[in-house]
Amino acid sequence: MSNDRPVDDEAGVSRGITAGRRRPTRQVRVGQTAIGGGSPVLIQSMTNTDTADALRTAIQCAELARAGSEWVRITVNTAEAALAVPKIRAHLDRMGIDAPLIGDFHYNGHRLLSEHPDCAEALAKYRINPGNVGHGRKRDEQFAQMIELACRYGKPVRIGVNWGSLDQDLLARIMDENASRAQPMPALEVMRTAMVASALESAARAEEIGLAGDQIVLSCKVSGVQDLIAIYRELAQHCDYPLHLGLTEAGMGSKGIVASTAAMAVLLQEGIGDTIRVSLTPEPGGQRTQEVIVAQEMLQTMGLRAFTPMVVACPGCGRTTSSFFQELAQSIQAHVRAKMPQWRIDHDGVESMTLAVMGCVVNGPGESKHANIGISLPGTGEAPAAPVFVDGVKSVTLRGAHIAEEFTAIVDAYVARTYRRKLPGQ
């Protein structure tokens, strides 16, 4: 399916884009996974525990991995945290969790990696922020030290530039260059240019030191949607390193979800982006895993990957005064997510299954026929009957007080007979 069409960016440059056509990049291996080079867009998350508490951090890493985070990043900011990293890896191995651990370093990473070789070895990848590895000569020396350690231990590196911690010397240089131009750029454009320059110059320096080009991932994270889009478009035009996408502070709840989706969906649609994180601020007492679910749903609704059966449900209107269809949609979605860890092991392709829970006759039968399994519940004034459609064909009509249980049983039976059970060793 081709969606080629010209799209004008902020500079007025027309480009053709195609959903699903990925920007060609080098491939970087991280543990047993790969990023870029045509690999699927990967999801990562980050713990918010004290890394020095090895067991608590390992438990949260496991929760994130089981939710679908393919890499898990942890803060390594103190000697105690560095000492805990091998213990966290050991805890995860005992739990059967093989998700790679990414070490997030700021300010003192050169020292922590040098003084704690077990930490350097246990991590699958290092994240370095070139804006806060030091200043002046120390910046160059300490950045080089971290790259040399990555080379020694054979670890890939994400060079992650952040809007809030941009290298001030580099920014001052670009501001001076801009001031000497006949037509200086606006301040916002200068900042965006500095972000891209920081990433590209740091990557070039890392390669000069000895880190292979296929061991480098880049990111330029900001908080504004339009800033992120503009910066990554520019970055993608000037390198073939894999790119990590994400707003650095998306926010809470619906605001964070909307902002992250608005920014990353545009870039992913243009083939830009090889790994993503949805940086949601959790609600008080909320689950850290929500950001993983949002990332999965973003990629799945865009048709880029499939993670779990999708439940289509109508929003309701004056024809659907009963809340039963909402309750059924909620319960079937919860059932699918609860079943999915075992289904993923036992049944090939189940993640592509679609379900429909509809509230009245207007769109109910039609939408139900488009899904693998759909149910059209009676709206206001309709006969108290709920036809169920399986692969477009009416299968049965449910009535009475046990519609939810009977529909769930139909879903389970469909999975069991439709998706081939994986054989041991496959």
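## Cavities, pocket and helix packing

The second largest cavity is lined by Gly131, Gly134, His135, Gly136, Arg139, Asp167, Gln168 and Asp169. This is a predicted model, where local features need pLDDT of at least 70, side-chain atom pairs count only at pLDDT 80 or more, and totals for chains, interfaces and linings use all residues. Residues are numbered from 1 along each chain as its sequence is written, and side-chain values use heavy atoms, with hydrogens and water left out.

A cavity is a set of points, on a 1 Å grid over the protein atoms alone, where a 1.4 Å probe fits but cannot get out; lining residues have an atom within 4 Å of a point. Grid points are joined across faces, edges and corners, and a volume is the space filled by probe spheres set on the points.

The second largest cavity holds about 30 Å³ of space. Helix 5 and helix 6 (168-179) each supply at least two residues of its lining. Helices (H or I, at least four residues) and strands (E, at least two) are DSSP runs, numbered from the N terminus. The lining of the second largest cavity has no nonpolar residues, five polar and three charged. Here Ala, Val, Leu, Ile, Met, Phe, Trp, Tyr, Cys and Pro count as nonpolar, Asp, Glu, Lys and Arg as charged, and the others, Gly among them, as polar.

How many cavities of 30 Å³ or more are there? The count comes to two. The largest cavity has about 40 Å³ of space. Its lining includes Phe105, His106, Tyr107, Arg127 and Met146. Helix 3 (109-115) and strand 8 (125-128) each give at least two residues to that lining. The lining of the largest cavity divides into five nonpolar, six polar and one charged.

A pocket is an open set of points with protein on both sides within 12 Å along at least five of seven lines. The largest pocket has a volume of about 810 Å³. Of its 30 lining residues, the closest to the centre are Ala65, Arg66, Ala67, Gly68 and Arg344. Helix 1 (54-67), helix 10 (290-301) and helix 11 (324-346) are the elements that give two or more residues to this lining. The largest share, five residues, comes from helix 11. The pocket lining divides into eleven nonpolar, ten polar and nine charged residues.

Now the helix packing. Axes are lines fitted to C-alpha atoms, for helices over the stretch in contact, and angles run from 0 to 180 degrees between N-to-C directions.

| Helix pair | Angle | Axis distance |
|---|---|---|
| Helix 5 and helix 7 | about 60° | 10 Å |
| Helix 6 and helix 7 | roughly 125° | within 9 Å |

Helix 5 and helix 7 are therefore oblique to each other. Angles under 35 degrees count as roughly parallel, over 145 as roughly antiparallel, 65 to 115 as roughly perpendicular and the rest as oblique. Phe143, Ala144, Ile147 and Glu148 in helix 5 meet Ser202, Arg205, Ala206 and Ile209 in helix 7, where contact means heavy atoms within 4.5 Å. These contact residues divide into five nonpolar, one polar and two charged.

Helix 6 and helix 7 are therefore oblique to each other. On the helix 6 side, Leu170, Leu171 and Ile174 are among the residues that meet helix 7. The contact of helix 6 with helix 7 has eight nonpolar residues, three polar and two charged.
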